[in-house]
Amino acid sequence: MNLGLEYVVLRTHARINDLLSVEQMKQLADAPDVQEFLLRLKETTYGEIQVEENDKIALNLEKNFIKKFTERIEEIVKITPSKMGEFLHAYFDFRFEVLNLKRILRGKFTESSSDEIAESLIPIDPYIIKDYGDLISSNDLESVVRKLSGTSYESLIAKLDLYKEYDALWPLELELNYIYARNILKLTENLSSEDRPIVNSLVKYETDVENVLIAIKRRGKEDVNLDEIFPVTYGIDKDDLKKVIEAESLSQAIDELKEPYNEVLAPIKTRDIALVRAMLRKGKYETATAARAGDQFGFNVILAFLVYSEIEKDNLVGLSWGKAQGLDSEDLMKYIVIPWN
Amino acid sequence: MSATSGIRPTKGYLMETKRRIQTVERGTEFLKLKRDQLAKELTESLDVLKGRRGLLLENLEEAYSALTAAYLSLGPMEVQSQTRSIKNTLELEVLPRSVMGVVYPTVRIKATPEIAAELDITLAHAAEKVYEIIEELIKLAEFEERVERIANELGSTSRKVNALENMVLPDMRYIIKFIEDKLDEESMEELVRMKLIGGAKKS
C-alpha cells in the first residue's frame with residue numbers, strides 16, 4: 001500500500017512521539033526487578049510482553065524487542081513509496097541477516113549443535129539467503145560459505161584461505177561488515193540525491209568506528225597487513241589506522257583522529273571501552289537528528305525514526321538484561337543512550 | 001601400663017636405650033627446626049594470602065563491571081554468540097611440588113583461549129579481565145592448598161615434638177634411670193654378697 005511520502009512522514013512524526021521518553025526509560029531502569037520492569041513496560045506503547053520466567057528471560061525479552069522493532073520497520077515500509085521502502089527494508093534486514101550469518105559461522109566454527117545455532121539467531125525472515133535452516137544443517141563452516149555462492153555474500157568464499165591460514169573467524173566477519181557497507185551504499189543509488197547523504201553518513205560513520213576498534217585490537221602486533229584488514233575505509237584512512245596500531249600512546253593517537261571519531265573513541269582513554277558502543281549509538285542518533293532537522297518532510301524523518309527505534313530497542317535489551325541480573329539503575333544508565341527529549 | 005613394664009634391666013639394654021635416646025633427641029631437634037621453619041613459612045604465606053585475596057576481590061569487581069558493560073553494550077544474544085567463537089579452551093596440568101617434605105599441587109597452564117582476535121573489543125576487554133581473574137584464582141587455589149598442607153604438617157610436627165618432649169623422652173629417661181638404679185642395686189647386692197662370701201671363707 002503506497003500512500004505517498006507526505007502521509008508517511010506525518011505518520012512517522014506521530015510515531016516519533018510514541019518513542020519512550022527519558023522519564024519512562026528512567027522509570028524502567030528504576031524498576032527493582034524484571035517483573036516490575038515488565039509491569040512498567042506494560043504502561044507504555046509496548047504493552048504487555050509475556051515471557052517465561054526462567055534463566056533465559058533476558059534472551060527471550062531481547063527476541064521480543066527485536067520482534068517489536070522489525071514490526072515497526074514493516075509498518076513503515078508497508079506505506080512508504082516503493083523505492084524508499086525497498087531501501088529501508090534492505091538497510092535493516094540486511095544488517096540483521098549479516099548478524100545471523102556471523103552467528104551461524106561462529107556456531108559452525110566451534111561445532112555447536114544445530115539447535116544452539118538456531119536458538120542464537122535473530123528472529124527475522126531471511127533477506128538474501130533462502131533458508132537459514134539449510135546453512136545451519138551444513139556439515140562445516142566451509143560448506144556454509146560455499147552455499148553462499150551466487151549471492152551478495154559470494155566474496156566470503158575468497159576469504160576462506162585467510163580463515164584457514166589464521167584458523168580464525170575474523171577475516172569472514174570483517175568481510176561480512178564490508179559486504180553490508182558496500183551493498184547499502186550501492187542501494188542508495190535507488191534513492192534521490194537529497195536522501196543519500198543521511199545513509200552515507202550513517203554507514204560510513206559506523207564502518208570507520210569499527211575500523212578503529214579493529215586497529216586497536218591489532219595494537220602490539222607486527223606486520224599487520226592493512227589491505228587485508230581494512231579493505232574498505234571512508235572518513236579514517238589507512239594511514240590514520242596505521243598510526244592507531246603503531247602509536248606508542250593510544251590516547252594521543254585517538255586525540256589526533258578527526259571529529260567526531262576522537263570524541264566517540266574518547267572512553268578508550270579511560271579504559272571504559274564499553275562506553276564506545278554507547279557513544280557510537282549517540283553519534284548515530286545525532287547524525288539522524290541533524291539530517292532530520294535539515295528535511296522535516298522527507299525520507300530523513302523516516303530513517304531517523306527507525307534509527308531512534310533501533311537505539312530504543314538496544315536500550316530496552318540492556319535494561320531488561322540488567323534488571324534480570326538485579327543491577328541498579330545507576331549502573332545501567334551509563335550505557336543507555338536516551339537523548340531524544 | 002608403666003613405662004618400665006617388660007624392660008630388661010641389663011647393661012646391653014641400657015646401652016641400647018642410651019643410643020636410642022640420643023637418636024630421638026637429635027630427631028626431636030630436627031623436628032623442632034622443621035616446626036619453626038613451617039611456622040615461619042605459614043605466617044609469611046598467610047600475609048601473602050590475605051593480600052592476594054584482597055587483590056582478587058578488587059579485580060573481580062573490575063571484571064564484573066567490564067562484563068556488565070559488555071552485556072549492556074552488545075546484548076545477551078550477541079555476547080553468547082561471540083563467546084561461542086572462542087575455539088581453544090583453557091588447559092591445565094596439575095603437578096606435585098614439595099617444600100620441606102610437604103607435597104602440594106601446582107597448576108601449569110598448558111593452553112589459553114585466543115580471546116582478542118574473535119571478540120568485539122568490548123567483550124575482548126571483559127574477557128581479558130575475566131581471564132586474569134581465572135589465572136589469579138588458579139594461583140590462589142594453589143597457594144591456599146599449599147598453606148593448608150603446610151598448616152596440617154605444622155600441626156602434625158608440633159604434635160610429634162610434644163609427644164617426643166613430653167612423653168617419649170621422659171619415658172626413655174625414666175627407663176634409663178630405672179635400669180641404672182636396678183644395675184646399681186644389683187652391683188651393690190653383688191658386692192655385699194661377695195663380701196659376705198669373702199668373710200665366711202676367712203672365718
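Keep in mind that the model is predicted.

Stop 1: Select chain B by itself and colour it by secondary structure. Turn the view to follow the principal axes: the C-alpha trace spans about 120 × 25 × 25 Å along them. If you colour by burial, 18% of the 203 residues of chain B count as buried.

**Stop 2: two helices of chain B.** Next, select residues 11-74 for helix α1 and residues 121-202 for helix α3, both in chain B. How do the axes of these two helices cross? They come within 4 Å of each other, at roughly 165°. Angles over 145 degrees count as roughly antiparallel, and α1(B) and α3(B) therefore run roughly antiparallel to each other. The crossing of α1(B) past α3(B) is left-handed. Now colour the residues of this contact by class: 37 are nonpolar, nine are polar and 21 are charged.

**Stop 3: helix α2 of chain B.** Select residues 76-83 of chain B, which form helix α2. Is this helix mostly covered or mostly uncovered? It is mostly covered, with six of its eight residues buried. To display them, pick P76(B), M77(B), E78(B), V79(B), S81(B) and Q82(B). Their packing partners come from both chains: α4, α5, α6 (114-120) and α17 of chain A, along with α1 and α3 of chain B.

**Stop 4: where the chains meet.** Bring chain A back into view and select the contact between the two chains. Chain A contributes 29 residues to it and chain B contributes 23. On the chain A side, the helices that each supply at least two residues are α4 (57-79), α5 (82-109), α11 (196-217), α16 (275-294), α17 (299-324) and α18 (329-333). Which helix gives the largest share of that side? Highlight α17(A), which provides five residues. Finally, colour the chain A side by class to see 16 nonpolar, six polar and seven charged residues.

How values were computed. Residues are numbered from 1 along each chain as its sequence is written. Chains are lettered from A and ligands numbered from 1 in the order in which they are written. This is a predicted model: local features need pLDDT of at least 70, side-chain atom pairs count only at pLDDT 80 or more; totals for chains, interfaces and linings use all residues. Axes are lines fitted to C-alpha atoms, for helices over the stretch in contact, and angles run from 0 to 180 degrees between N-to-C directions. Angles under 35 degrees count as roughly parallel, over 145 as roughly antiparallel, 65 to 115 as roughly perpendicular and the rest as oblique. A crossing is left-handed if the near helix is turned anticlockwise from the far one by less than a right angle, and right-handed if clockwise. Ala, Val, Leu, Ile, Met, Phe, Trp, Tyr, Cys and Pro count as nonpolar, Asp, Glu, Lys and Arg as charged, and the others, Gly among them, as polar. Two residues are in contact if their C-beta atoms, placed from the backbone, lie within 7 Å. A residue is buried if 20 or more other C-beta atoms lie within 10 Å of its own, exposed if 12 or fewer, and partly exposed in between; C-beta atoms are placed from the backbone.
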